[in-house]
Amino acid sequence: MVEKIIEESIKIENSSIRYAYILDNVLSKTSGNVLEIGAGFGTNTAIFCEKAIKYNKKVYVIDPFEEGWKDMPESYRYPYEEFVKSTDKYGSTMQLIKKSSQDIKSIKEYGKLEFAFVDGLQSVGAVLHDLKLVEGASIICVDDYSRRGEVKDDVDAFVRATEYKLIETPDENREVYLCK
Ligand SMILES: C[S@@+](CC[C@H](N)C(=O)[O-])C[C@H]1O[C@@H](n2cnc3c(N)ncnc32)[C@H](O)[C@@H]1O
């Protein structure tokens, strides 16, 4: 079922509409939650929260924000204030875990995951760590697969070691989906 939803979704040009389409089709039929690693300005978090409210689910966000990432480009250095503005109105639907995902060993306490969005630290091994953390989610979406070699290498290693199937979007510089 999930694979068919992803295949349909990648025909959608706009990524925000694509995420909304996936969540509408998945969250309406299942019991699990959404988890995002690396939220930035919270643009996608807001989309996830809208759908979580609609289907009575939760969105967990793991991001240390500026306290945890010294290498962040100047233009992207202080997203926390913007993140709060984007997500404040969703109240307890969203829970922020303000930590580096690299310091987290288990996310079992957040329950079953339907959709995990991985867009945090993109150095070698860091993406693999995040993928292992969210392993079990029905859908794992990883940003920048085609743009960053580190991301591609880690995703490919994860796919080789698990039963997840890789579905690429037809356009360059887009996210990739893993489902099983
Ligand atoms: C490119 S932004 C994410 C953009 C967002 N996912 C979107 O699509 O709008 C990268 C984010 O990753 C976060 N980040 C960096 N290192 C991280 C880590 N070790 N664990 C979790 N998040 C991290 C940064 O704080 C930043 O907010």
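This is a predicted model: local features need pLDDT of at least 70, side-chain atom pairs count only at pLDDT 80 or more; totals for chains, interfaces and linings use all residues.
The chain contains 6 helices and 7 strands. Read from the N terminus, these elements follow the order α-α-β-α-β-α-β-β-α-β-α-β-β. The C-alpha trace extends about 40 × 35 × 30 Å along its principal axes. The radius of gyration is 15 Å, which agrees with the value near 16 Å that a compact globule of 180 residues would have. Of the 180 residues in the chain, 38% are buried. Among contacts with a separation of 6 or more, 69% are between residues 24 or more positions apart.

Strand 7, residues 176-179, is covered on both faces. In a regular strand, side chains alternate between the two faces of the sheet. In strand 7, V176 and L178 lie on one side, Y177 and C179 lie on the other, and all of these residues are buried. Strand 7 also pairs with two other strands, described in turn below. Strand 5, residues 139-142, runs antiparallel to strand 7 and is joined to it by 4 bridges; here I140 stands opposite L178. Strand 6, residues 165-168, is likewise antiparallel to strand 7, and the pairing covers 4 bridges. In this second pairing, I167 is placed opposite Y177.

The ligand is surrounded by 20 residues, of which G38, G40, S100, D119 and G120 are the closest. By residue type, the shell around the ligand consists of 9 nonpolar, 9 polar and 2 charged residues.

Definitions and conventions: Residues are numbered from 1 along each chain as its sequence is written. A residue is near a molecule or strand if its C-beta atom, placed from the backbone, lies within 6 Å of it. Ala, Val, Leu, Ile, Met, Phe, Trp, Tyr, Cys and Pro count as nonpolar, Asp, Glu, Lys and Arg as charged, and the others, Gly among them, as polar. The radius of gyration is taken over C-alpha atoms; the globule rule is 2.2 Å times the number of residues to the power 0.38. A residue is buried if 20 or more other C-beta atoms lie within 10 Å of its own, exposed if 12 or fewer, and partly exposed in between; C-beta atoms are placed from the backbone. Two residues are in contact if their C-beta atoms, placed from the backbone, lie within 7 Å. Two strands pair if DSSP finds at least two bridges between them.
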